[in-house]
Amino acid sequence: MGERVRSVKGMRDLLPPETAVWAAVEETARRVFGTYGYGEIRTPLVEPTELFVRGVGEATDIVGKEMYTFEDRKGRALTLRPESTAPVARAFVQHGLGDRGLPVKLYYCGPQFRYERPQRGRYRQFSQIGAELIGDPGPASDVEVILMLVRFLQALDFEGVTVLLNTVGDDTSRAAYRAALVDFLAPHAGALGDDSRRRLGTNPLRILDTKVPAEREILLHAPALDGYLTADSRAHFDAVQEGLSAAGVDFAVEPRLVRGLDYYSRTVFEIVVEGLGAQDAVVGGGRYDGLIGELGGPEMPAIGFAIGEDRLLEALPESFRASHQPGAPVHLAAAGSVEPGALLGLAESMRAAGLAVVAELGGRSVKAALKRADKAGARWVVLVGDDEQAAGEVTLRDLEAGEQQRLARSAAIAAIKESS
Ligand code: AMP
């Protein structure tokens, strides 16, 4: 016997019935995002490596150490997408999607790849549902995007949704703050870990994200970005907060929230939900006014978010899960000398009536069929023996009630439909 082949570390199979819940979550996203005028975009899983180096930024963890990068047969550097904002921005530029009017509203749903240490809720292939609003610089768009996200989470029955909000300012604010932060941290460089010391030279704002207690201690006295905002950035941030309050969205300003990627400007946010650790945000998002210009397109403001679908599913309220599990199919079995093949026609007419049907085509005993139906959690079993066959009837067995009756085929179908 050959050795078993297993799935790649950090990449998992999603199996039924859980996949039905995934599909329901995605269907809900399509429906809710559709009501805000978003259309679906599907970009390739593979992009030129350069897209992420330029778009996400060389100094980020993603580009620095997490990408699945390889050469194709012609030596082109390709990467499995680690996120989808840069691919959407690329597609926007490549197809001139803004030519027919702005803003352009797009959502996506699909796998992303990052070479991270696998752990609970963290995988090397994971799924994100995200949306991007491209072409409007105003704070009302920030509010609408966050509102759409909250409505989506509410449609999944989440309560206790908290939006953590911050601003990272515009380029001018950030340059001034970066210099002040480096000045403050430089004398403490010896007390920083390797990662943070490296970031001091490459991406000092990311140090604010640190989980290392000793570094957090030092940061308690660090200057806050707030003090370096331009008047324009501050006004934008104030307007976003006012808009969210007016819309009744719960949010908390989190001054240390900076988000990992290089491309953010002004508004950044994360969402935490009950049921996951506070460090496990299910959503990250923000404004990225410089990205599209960076990728060779026009200067174009944009804002978006990405929901971690795997984590979302882990925290999904039981009420949503329960109402979107498919019911067990009706089991259909032949008895006596009736050939299993004779079940095919009846099964088709039941399916045409909208029922989910598993026909026992393996020709096993009625007892075995009943056992299988019970194991599958089915309520109804339809038996066709010689008598029933001759009369155009069936025996309908209700496993829940422990009763059975002879009925015409159409009456049996109607009885099952009535019960569901
Ligand atoms: P990011 O694209 O890094 O802003 O992440 C957005 C969201 O995607 C996070 O809040 C997580 O919920 C999710 N996410 C990021 N990386 C992973 C991963 N390796 N496995 C599962 N979910 C992830």
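Which polar backbone atom is 2.9 Å from an oxygen atom of the ligand? One of Ala-281.

## Basis

This is a predicted model: local features need pLDDT of at least 70, side-chain atom pairs count only at pLDDT 80 or more, and totals for chains, interfaces and linings use all residues. Residues are numbered from 1 along each chain as its sequence is written, and side-chain values use heavy atoms, without hydrogens and water.

## Ligand site

The shell around the ligand holds 14 residues (a heavy atom within 4 Å). Arg-114, Glu-116, Tyr-123, Arg-259 and Ala-281 are the closest. By class, the shell has six nonpolar, three polar and five charged residues. Strands β6 (125-134) and β11 (302-308) each contribute at least two of the shell residues (strands are DSSP E runs of at least two residues, numbered from the N terminus).

For Glu-116, the distance to a ligand nitrogen is 2.7 Å. For Gln-128, the distance to a ligand oxygen is 2.9 Å. On its own, the ligand has 490 Å² of accessible area, and the protein covers 92% of this (Shrake-Rupley method, 1.4 Å probe).

## Nonpolar cores

The largest nonpolar core has 47 residues. A core joins buried Ala, Val, Leu, Ile, Met, Phe, Trp, Tyr and Cys residues through side-chain atoms within 4.5 Å; buried means under 20% relative accessible area (1.4 Å probe, protein chains only). Phe-52, Ile-134, Leu-181, Leu-185 and Ile-292 have the most contacts inside this core. Helix α4 (residues 85-94) gives the largest share, five residues (helices are DSSP H or I runs of at least four residues).

A second, separate core has 45 residues, including Val-143, Leu-153, Val-161 and Leu-313.

Key
A polar contact is a pair of N or O atoms within 3.5 Å; within protein, one must be able to donate a hydrogen and the other to accept it, and residues adjacent in sequence count only if both atoms are side-chain atoms. Ala, Val, Leu, Ile, Met, Phe, Trp, Tyr, Cys and Pro count as nonpolar, Asp, Glu, Lys and Arg as charged, and the others, Gly among them, as polar. Buried means under 20% relative accessible area, exposed over 50%, partly exposed in between (1.4 Å probe, protein chains only).
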